[in-house]
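Trainee: Please pick one part of this model and take me through it closely. After that, I'd like to hear what sits around it and elsewhere in the chain.

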Amino acid sequence: FFLEVMDRTIFLANLFSVYFLAQVDCLKQFELKVNEQGLKFNEQLSFDVDANLQIVDVPAHHDRVATRYVKDLNNILQLQVRWVDRECLVSKILEPQESDILINALENQDLQSYVDYENATSVNILEIEGPEMDHSEIPSSLRSYCPKDFKAKAIHLLDEKNIAEEDEEGFLIKDPDMNFDIKNHDPAPHVTDTLHFLSRRKRESCRDAYNNVESSCHTVHVYCPDAQDGCPAEGMYYRCSSSSTGSNSCEYILTCNTAGGPNRAQCLKHYTARGRRCRPCCKYYDCGRNMLRCASSSEGHCFQEQAAYVGYKEGRTYYVDSVHECQRKCQRKNSCQHFNFMQEEGDNEGKCELQTRKGNFAAKPGKTGYKTGPRACP
């Protein structure tokens with residue numbers, strides 16, 4: 001009997017050891033030493049191979065807050081836990097990296113030495129602020145990593161290399177995923193469009209003339225009065241404010257051994273993130289309150305860019321220094337109700353045409369010196 005109990009105990013111990021070793025084998029942990037402008041800190045990286053999860057813990061440093069990144073590679077989604085802000089941010093992963101590549105890089109790196117900020121390739125990320133979420137809406141693979149008393153938010157990430165124009169009030173940024181035309185009566189674009197598990201937030205039940213519930217009905221629509229076909233893909237942007245929202249964060253990702261190899265200069269990536277309030281906008285048209293025209297008030301809050309209105313020209317063509325001078329020309333003529341200012345690239349002056357009424361819209365894509373507007377801005 002004693003031998004039988006011993007055999008059973010040894011069997012269970014061996015079974016536990018096999019299970020423990022299997023767990024250790026699927027959970028890989030590393031510590032990356034970072035020297036950022038003289039400040040040294042350690043970044044903790046864990047890889048759950050079975051669940052295909054990556055977890056990166058970055059301590060507070062410089063103006064960056066302590067942040068945990070949890071990345072679900074199966075669904076290309078990530079959760080950021082900002083401890084000081086007591087919030088969790090859910091988004092798509094901007095540049096997903098396969099765990100096998102990162103693990104291999106770390107296993108072949110001298111982890112006793114510091115990687116240097118000066119040798120990293122910087123990727124500056126724009127975090128577009130989205131709506132708050134209930135914890136039950138966080139994908140199940142990420143939900144347990146968000147403390148229950150923390151606020152949860154959806155955000156949208158863009159690479160700042162896509163910034164197209166900047167001015168005193170902010171900037172326009174192009175979203176590579178927003179590469180489609182927005183037709184009149186289509187649903188308005190939203191920062192949660194890439195988070196498909198939240199798409200139901202934009203939908204409400206609608207009923208047709210026979211009081212039947214219409215499926216896939218959106219109550220938030222786009223309508224561009226001056227464009228029969230809505231806003232074209234090349235005119236779709238986000239208009240972002242210049243002031244930051246929330247805290248800044250960053251992480252370092254090692255994709256190969258920094259000590260050697262032909263691509264060692266690109267081995268270390270430094271992802272920095274800053275938050276902004278942004279709204280979808282149309283470069284050429286005003287398409288309602290959910291997708292306004294992209295113009296900023298510093299250019300004249302009622303001027304329409306890369307556009308003209310034609311058909312009701314009055315008198316001769318003037319040559320003026322600026323769109324504001326063209327508007328003043330219009331104000332000096334009792335019959336003028338609208339104007340077109342057309343300045344070609346490299347010219348010191350632009351053509352100024354006055355119109356007795358607004359006329360027919362003509363888009364001028366790529367003509368950044370073309371502006372049109374009313375006699376007086378409201």
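Mentor: Buried here means under 20% relative accessible area, exposed means over 50%, and partly exposed is anything in between (1.4 Å probe, protein chains only). Bear in mind that this is a predicted model, with local features needing pLDDT of at least 70, side-chain atom pairs counted only at pLDDT 80 or more, and totals for chains, interfaces and linings using all residues. Numbering starts from 1 along each chain as its sequence is written, and side-chain values use heavy atoms, with hydrogens and water left out.

Let's zoom in on Thr317. With a relative accessible area of 21%, Thr317 is partly exposed. You'll find Thr317 in strand β21, residues 313-320 (strands are DSSP E runs of at least two residues, helices H or I runs of at least four, numbered from the N terminus). Its side chain makes a polar contact with the side chain of Lys313, at 2.7 Å (N or O atoms within 3.5 Å; within protein, one able to donate a hydrogen and the other to accept it, and sequence-adjacent residues counting only if both atoms are side-chain ones). Leave out residues up to four places away in sequence, and Thr317 touches Lys351, Cys352 and Glu353 (contact is heavy atoms within 4.5 Å). Then look at Leu354: 37 residues separate Leu354 from Thr317 in sequence, yet their C-alpha atoms are 7.8 Å apart.

Among contacts in the protein with a separation of 6 or more, 64% are between residues 24 or more positions apart. The protein has 378 residues, 44% of them buried, and its secondary structure comes to four helices and 25 strands.

A search of the whole structure turns up five aromatic pairs (Phe, Tyr or Trp rings, Trp by its six-membered ring, with centres within 6.5 Å; planes under 30 degrees apart are stacked, over 60 edge-to-face, the rest tilted). One of them is Phe303 with Phe339, which is edge-to-face at 5.8 Å centre to centre, with 90 degrees between the planes. Phe303 comes from the loop between β18 (292-293) and β19 (304-305) and Phe339 from strand β22 (residues 338-342), so this pair ties together parts 36 residues apart in sequence. Both Phe303 and Phe339 are buried. Tyr309 and Phe361 have ring centres 5.1 Å apart and planes at 70 degrees, so they are edge-to-face too. Tyr309 sits in strand β20 (residues 307-310) and Phe361 in strand β24 (residues 360-363), so here the parts tied together are 52 residues apart in sequence. Tyr309 and Phe361 are both buried as well.

Next, the sheet. There's an open one of 11 strands with mixed pairing, in the order β7-β1-β2-β3-β4-β5-β6-β9-β8-β16-β15 (strands pair if DSSP finds at least two bridges between them). Strand β8 (residues 121-133) runs parallel to β16 (residues 268-276) over eight bridges, and Ile128 stands opposite Arg276 in β16. β8 also pairs with β9 (residues 151-159), antiparallel this time, over seven bridges.

Gln54, in strand β3 (residues 53-58), counts as buried because its relative accessibility is 3%. A polar atom of its side chain lies 2.7 Å from the backbone oxygen of Gln97, and beyond four places in sequence the contacts of Gln54 include Phe47, Tyr69, Leu73 and Leu102. Ser244 belongs to the loop between β14 (236-241) and β15 and is partly exposed at 44%. Outside four places in sequence, Ser244 touches Gly275 and Arg276; Gly275 is 31 residues away in sequence but 5.4 Å away, C-alpha to C-alpha.
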